[in-house]
Amino acid sequence: MTLPVSLYEKIADLWSLSDDERNRLRPVEGQVVFIHKNLNCIFNDQARVTRWIKQPNKAFDGRSPLEMMLSGDIEQVRKYVMYHVYNA
């Protein structure tokens, strides 16, 4: 029997996360899904969402949002995304 792929796994595939990155973000997968959905509201383009996740960002002292999430600062990324959702 094949189990359905979770939304988190689909996002991890879209973001091309390594197995290590997937495992490190799994405890906060709900927040990853939340961030991803809201980034799609901002950009309305999956390629832009994926680029944004991996590009260095001045708001995060030159670190990428993915680096921030992997280092445990996912809440800072979530707040940043939400600010832009409501102020776009």
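Student: Which residues is His-36 in contact with, leaving aside its neighbours within four places in sequence?
Tutor: In this predicted model, and with those neighbours left aside, His-36 is in contact with Ile-11, Leu-14, Trp-15, Gln-46 and Val-49.

Student: Ok, and is His-36 buried or exposed?
Tutor: His-36, which lies in helix α3, has a relative accessible area of 6%, and because the cut-off for buried is under 20%, His-36 counts as buried.

Student: What does the side chain of His-36 make a polar contact with?
Tutor: The partner is the side chain of Trp-15, and the polar contact between the two side chains is given at 3.2 Å.

Student: Let's go to the helices then. At what angle do α1 and α3 pack?
Tutor: Helix α1, covering residues 7–14, and helix α3, covering residues 29–43, pack at an angle of about 60°, and their axes are 10 Å apart. The two helices are therefore oblique to each other.

Student: And is the crossing left-handed or right-handed?
Tutor: The crossing of α1 and α3 is left-handed.

Student: Which residues make that contact?
Tutor: On the α1 side the contact is made by Leu-7, Tyr-8, Ile-11 and Leu-14, while α3 brings Glu-29, Val-32, Val-33, His-36 and Lys-37. By residue type, the contact of α1 with α3 divides into 6 nonpolar, 1 polar and 2 charged residues.

Student: Now Cys-41, where does that lie, and is it buried or exposed?
Tutor: Cys-41 lies in helix α3, and with a relative accessible area of 61% Cys-41 is exposed.

Student: How many residues apart in sequence are Cys-41 and His-84?
Tutor: They are 43 residues apart in sequence, and in space the C-alpha to C-alpha distance between Cys-41 and His-84 is 9.8 Å.

Student: Last one, Tyr-86: which helix is it in, and how far apart in space are Tyr-86 and Ile-42?
Tutor: Tyr-86 belongs to helix α6, which covers residues 74–86, and Tyr-86 is exposed, with a relative accessible area of 65%. Tyr-86 and Ile-42 are 9.6 Å apart in space, C-alpha to C-alpha, and 44 residues apart in sequence.

How values were computed: Residues are numbered from 1 along each chain as its sequence is written. This is a predicted model: local features need pLDDT of at least 70, side-chain atom pairs count only at pLDDT 80 or more; totals for chains, interfaces and linings use all residues. Side-chain values use heavy atoms; hydrogens and water are left out. Axes are lines fitted to C-alpha atoms, for helices over the stretch in contact, and angles run from 0 to 180 degrees between N-to-C directions. Helices (H or I, at least four residues) and strands (E, at least two) are DSSP runs, numbered from the N terminus. Angles under 35 degrees count as roughly parallel, over 145 as roughly antiparallel, 65 to 115 as roughly perpendicular and the rest as oblique. A crossing is left-handed if the near helix is turned anticlockwise from the far one by less than a right angle, and right-handed if clockwise. Contact means heavy atoms within 4.5 Å. Ala, Val, Leu, Ile, Met, Phe, Trp, Tyr, Cys and Pro count as nonpolar, Asp, Glu, Lys and Arg as charged, and the others, Gly among them, as polar. Buried means under 20% relative accessible area, exposed over 50%, partly exposed in between (1.4 Å probe, protein chains only). A polar contact is a pair of N or O atoms within 3.5 Å; within protein, one must be able to donate a hydrogen and the other to accept it, and residues adjacent in sequence count only if both atoms are side-chain atoms.
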